[in-house]
Amino acid sequence: MPAVEIERRALNEKNKGNEAYKASEYKTASLHYTHSLRLQQNNAIVYANRGMCYLKLKQYRQALADCTAAIQIDDGYTKAYLRRGIAHRRLSQHAQALKDLDVVLAREPGNKEAAEHRRCSAIELEKADAELREAKASAAAAA
């Protein structure tokens, strides 16, 4: 198949994915994005879009993998960092979430979604640290 035809089909699948996403059909959208990626593997936007579908479907590990792939292809694609930061947060990987969200906020200081996720991750990280300190103190007292 000629390269132009492969590119046309990949774009067509991406567009079908976008339409399904707009209709809140996240599973269908992710399948279209997968078809697009089979035709053209180096598209950061399609990886990040499929990652967003996985976030909506609460499949956070898949979202993390897709957003990481998008960043590997194009580390200037800020949405991929945002979505990966959200996936890290949902997986309780708060330190990694903060790193990704800080990248977003350095590039887009007014990004309210990133700021809110960063605020929540910072609180959740502090809470986890406090619980760990308490557990260590209890173990030390019991010994």
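Contact here means heavy atoms within 4.5 Å, and the structure to which the exercises apply is a predicted model.

**Exercise 1.** Determine which residues Ala-70 touches, leaving out residues up to four places away in sequence, and decide whether Ala-70 is buried or exposed.

Solution. Begin with the location: Ala-70 lies in helix α4. Beyond the residues up to four places away in sequence, Ala-70 touches Ala-44, Tyr-47, Ala-48 and Ala-80. Of these, Ala-48 is 22 residues from Ala-70 in sequence, while the two C-alpha atoms are 5.8 Å apart in space. Since buried means under 20% relative accessible area, Ala-70, at 0% relative accessibility, counts as buried.

**Exercise 2.** Describe how the axes of helices α3 and α4 are arranged, and which residues make the contact.

Solution. Two packed helices are described by the angle between their axes and the distance between the axes. The axes of α3 (residues 44-56) and α4 (residues 60-73) come within 8 Å and cross at roughly 165 degrees. Angles over 145 degrees count as roughly antiparallel, and α3 and α4 are therefore roughly antiparallel to each other. The crossing in which α3 passes α4 is left-handed. On the α3 side, the residues making the contact include Ala-44, Tyr-47 and Ala-48, and on the α4 side they include Ala-63, Cys-67 and Ala-70. By class, the residues of this contact divide into 11 nonpolar, two polar and two charged.

Notes. Residues numbered from 1 in each chain as written. Predicted model: local features only at pLDDT ≥ 70, side-chain atom pairs only at ≥ 80, totals over all residues. Heavy atoms only, no water. Axes fitted to C-alpha atoms, helices over the stretch in contact; angles between N-to-C directions. Helix = DSSP H or I, 4+ residues; strand = E, 2+ residues; numbered from the N terminus. Parallel < 35°, antiparallel > 145°, perpendicular 65-115°, else oblique. Left-handed = near helix turned anticlockwise from the far one by under 90°. Nonpolar A, V, L, I, M, F, W, Y, C, P; charged D, E, K, R; others polar. Buried < 20%, exposed > 50% of the residue type's maximum accessible area, 1.4 Å probe, protein only.
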